[in-house]
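Please read it alongside the sequence and coordinates.

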Amino acid sequence: MKVRQVIMGVACAGLVATAIYASKAQAADDIYVPLFTYRTGPYANSGIPIANGMHDYLTMLNERDGGIGGVKLNVEECETGYDTKKGVECWESVKSKNPTVVNPFSTGITLQLIPKASVDKIPILSMAYGLSAAAVGKDFPWVFNPPATYWDGLSMIIKYIGEKEGGLAKLKGKTIGYIFLDAGYGREPIPLLEQLAKDYGFNVKLYPVAGKEMQDQSSQWLSVRRDRPNWMVMWGWGAMNPTAVKRASENGYPMDHFIGVWWSGSDDDARGGGKAAKGYLALNFSGLGSNYPAIQDIKKYVVDKGKSQVEKDKFADTFYNRGVYNTVLVAEAIRNAQKLTGKKVVVGEDVRRGLETLHITEARWKELGFPGFAGPLTGISCADHSGHQGAYMQQWDGDKWVKVSNLIEPMKDKVEPLLQDAAKEYVDKATGWPKRTEACDKAM
Amino acid sequence: MDILYSIFIDPFVQMAQAPDLFVQTLWDGLVGGMLYALIALGFVLIFKASGVFNFAQGIMVVFAALTLVGLHDAGVPAFLALLITIAVMFALAFTVERVVLRPLVNQPDIILFMATFGITYFLIGFGEYVFGGDPKVMPVEDFGLEKGAYNIKMLGGLVSLQKLDIVAVIVASAMVAGLGVFFSKTRIGRALRAVADSHSAALSVGISLEQIWVIVWFAAGLVALVTGIFWGARSDVSFALEVIALKALPVLILGGFTSIPGAIAGGLIIGVGEKLAEFYWGPLVGGGTDAWFAYVIALVFLLFRPQGLFGEKIIERI
């Protein structure tokens with residue numbers, strides 16, 4: 001056989017295989033759940049455990065329950081590398097396959113996709129990240145950011161600091177340093193931080209960290225040494241987190257006065273700092289460890305059967321469980337959509353309604369096999385796409401994270417007016433932003 | 001007036017008021033600068049031998065560090081893992097010469113440059129396939145290196161010298177000096193300069209182009225390994241390390257693409273300059289100056305010396 005014939009044969013086989021694969025993805029007998037993940041690139045240390053958690057929970061539902069409502073889930077990952085351009089490419093590649101929901105897992109990607117969501121009729125679930133103002137459901141009917149926005153998270157941290165200082169009034173004259181990834185994600189909470197500084201009379205010092213400085217940060221931490229802030233707050237991601245934890249301990253910063261947002265509190269973030277990182281604090285809203293029936297089911301049906309990419313010693317790590325939490329919301333939204341529409345195979349428009357009616361009580365968490373895994377998610381409505389739920393503080397004990405507080409509720413009275421203003425500003429700036437026409441369903 | 005005071009007076013008042021912090025800033029700049037110089041050196045070696053900007057230098061840092069840590073995590077003793085990693089870097093240099101460079105002899109530089117893109121993406125994919133994307137901890141203690149710091153009371157304050165940083169400076173200095181001597185005083189060094197001037201002329205006088213390329217790619221691999229060890233110890237070993245290669249670009253602009261002393265001087269000027277700028281002038285513009293200030297320094301130098309500090313003067317017939 002001539003080489004040319006072999007090449008043509010391989011090319012034809014490839015085309016046929018692609019066509020079969022594409023038709024399978026669009027098949028009408030399954031529910032298509034694309035997962036935007038990043039297992040590669042500079043942010044892979046944060047992306048991998050989340051990707052594993054999301055993938056494994058949905059796979060477990062397929063293996064244990066045969067999917068949702070008797071319909072198999074077609075789970076497909078699209079690698080973004082935490083790169084906004086690639087994220088948009090992923091959107092373009094999945095939108096024709098009737099996706100139920102997109103989880104961008106990047107604030108930068110989320111910001112790019114928000115205008116596309118209502119056009120392509122695909123809801124965006126930006127779980128506790130993305131545009132805080134997207135919590136305003138009347139302006140952003142296709143975007144959801146439960147269980148809390150970044151602004152909620154920041155207000156929880158300020159509340160926690162206030163409590164430790166003996167009351168919010170005692171913050172007057174204190175200095176709070178804010179070290180952040182100098183990108184849309186890290187800059188997102190700054191307006192609220194400045195507002196709270198005015199309200200409570202504390203000073204703010206900003207320490208931006210550019211993406212290519214993530215693994216150095218010596219200038220920032222030297223500035224911290226000079227400015228001596230009473231507390232440090234971090235909005236870090238990827239390699240920035242473990243580096244910051246190391247630099248803080250090297251510079252002798254008191255680790256129990258250093259608090260990360262929920263995206264700066266993975267096991268890998270603190271593990272590299274080891275014993276020296278003892279005392280480091282971070283917010284969390286998903287459970288710690290594997291002592292939950294549903295997590296054990298993931299182990300039984302997915303991990304032990306070799307259907308997961310998770311390393312055995314990283315199973316049920318903090319960010320793995322965060323990925324699980326994300327897909328519990330997806331699964332619940334799909335169930336709601338099936339109930340609301342009476343259809344078995346649901347698509348984006350249906351699942352948007354399912355997300356808007358999310359209602360996970362303590363009893364429901366238990367029923368799902370996650371007793372005590374997370375706080376109730378009962379605040380979502382057509383008007384409120386976040387729910388503004390609380391999170392708890394976890395602390396690194398040198399080997400593992402330990403829960404050290406009850407749920408801290410956000411300062412809703414401070415956050416809500418700013419959210420409304422920010423949403424209005426966004427809509428005013430975006431020429432021709434569509435008015436909400438979607439009907440409102442009752443909570444399930 | 002306030003702004004002028006903040007720019008021209010206040011930083012120097014701060015230096016006088018807290019000289020310990022000034023010394024600390026200089027030290028941090030020196031450590032960063034030596035590590036930048038090390039990265040730049042990898043680029044310079046290959047550029048000297050082939051006239052090609054090696055886009056793959058950053059991923060070589062990651063690949064070397066991941067190989068070392070991966071072997072160690074698999075149970076190989078630290079020093080044996082180090083030796084095996086050195087052998088792997090040699091094998092990489094040999095393979096690059098055989099598979100990529102040899103077929104491209106006498107091709108335009110842009111072709112060789114694009115080939116280094118190919119090497120980069122191959123190593124990213126291969127590295128992720130073999131080692132995964134999870135971050136790994138550099139086992140510094142197993143190499144006999146101590147963590148912790150020497151806290152020296154001086155100038156009315158405290159200067160903290162991380163033990164790992166001290167070792168990094170010593171090793172980087174020794175490596176830079178050793179490579180400098182090797183490439184300037186030995187036959188191989190002279191051959192390297194001949195190859196850099198013209199591939200065909202070097203071939204015509206009996207210099208083995210293949211041998212020279214293997215040697216410089218291997219030397220660049222060793223530099224990448226040392227860089228990976230010390231940057232990996234400062235943070236984690238992950239694919240994020242690739243980004244630090246970008247720090248070498250202003251160093252190369254400043255020091256010239258063909259000068260080993262230039263890489264050192266450029267690294268130190270950039271390292272110290274960006275740390276001083278961020279610490280004393282950064283707050284005036286909201287911080288974050290270290291992302292771009294290095295380029296400002298490099299561009300200012302370029303105004304006066306377009307070929308860089310130690311780069312060869314460009315003389316061309318017109």
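This is a predicted model: local features need pLDDT of at least 70, side-chain atom pairs count only at pLDDT 80 or more; totals for chains, interfaces and linings use all residues.

1. Residues are numbered from 1 along each chain as its sequence is written, while chains are lettered from A and ligands numbered from 1 in the order in which they are written.

2. Chain B contains 13 helices and 2 strands (DSSP runs, H or I of at least four residues for helices and E of at least two for strands, numbered from the N terminus). The C-alpha trace spans about 65 × 60 × 35 Å along the principal axes of chain B.

3. Of the 318 residues of chain B, 47% are buried (20 or more other C-beta atoms within 10 Å of the residue's own, with C-beta atoms placed from the backbone).

4. Chain B and chain A each bring 32 residues to their contact (C-beta atoms, placed from the backbone, within 7 Å). On the side of chain B, α3 (19-50), α10 (209-234) and α12 (260-281) each supply at least two residues, and α3(B) gives the most, with 5 residues.

5. Chain A is divided into domain 1 (29-148 + 288-388) and domain 2 (150-284 + 393-415), with bounds from an automatic or database domain assignment. Their contact takes 18 residues from domain 1 of chain A and 25 residues from domain 2 of chain A. The centres of these domains, taken over C-alpha atoms, are 26 Å apart.

Methods: Two residues are in contact if their C-beta atoms, placed from the backbone, lie within 7 Å. A residue is buried if 20 or more other C-beta atoms lie within 10 Å of its own, exposed if 12 or fewer, and partly exposed in between; C-beta atoms are placed from the backbone.
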